[in-house]
Amino acid sequence: MELRPATRKKLGAVIVGEGFNITEDGVLTIDESSIERDEYIEFTRARLENLFKASKSRRRTK
């Protein structure tokens, strides 16, 4: 069976890069000790903005 790369619309495989951890049950987390504090804050801010935009978009389509 061939695994194709995951996309926003299709389930597929991803490669866990440096600075991330993945548990036995498949939970992906950030290794906070591997990044600078300011980078982590920026990443978190951008993530929250994306979640907010996605939530807003879903409400419009209902």
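Student: What is the mean pLDDT of the chain?
Tutor: The mean pLDDT (the predictor's confidence in each residue, from 0 to 100) is 79, and 81% of the residues reach 70 or more. This is a predicted model, where local features need pLDDT of at least 70, side-chain atom pairs count only at pLDDT 80 or more, and totals for chains, interfaces and linings use all residues. Residues are numbered from 1 along each chain as its sequence is written, and side-chain values use heavy atoms, with hydrogens and water left out.

Student: Where is confidence lowest and highest?
Tutor: Helix H1 (residues 37-61) is lowest at a mean of 73, and E1 is highest at 86. Helices (H or I, at least four residues) and strands (E, at least two) are DSSP runs, numbered from the N terminus.

Student: In what order do the elements run?
Tutor: From the N terminus on, β-β-α, which comes to one helix and two strands.

Student: New topic. What share of the residues is buried?
Tutor: Buried residues make up 2% of the 62 in the chain. Buried means under 20% relative accessible area, exposed over 50%, partly exposed in between (1.4 Å probe, protein chains only).

Student: And why does Thr-7 count as partly exposed?
Tutor: Because its relative accessibility is 47%. Thr-7 sits in the segment before E1.

Student: What does the side chain of Thr-7 reach?
Tutor: The backbone nitrogen of Lys-10, at 2.9 Å.

Student: Back to E1. Which residue of the chain lies in that strand?
Tutor: Ile-22 is one of them, as E1 covers residues 20-22.

How values were computed:
A polar contact is a pair of N or O atoms within 3.5 Å; within protein, one must be able to donate a hydrogen and the other to accept it, and residues adjacent in sequence count only if both atoms are side-chain atoms.
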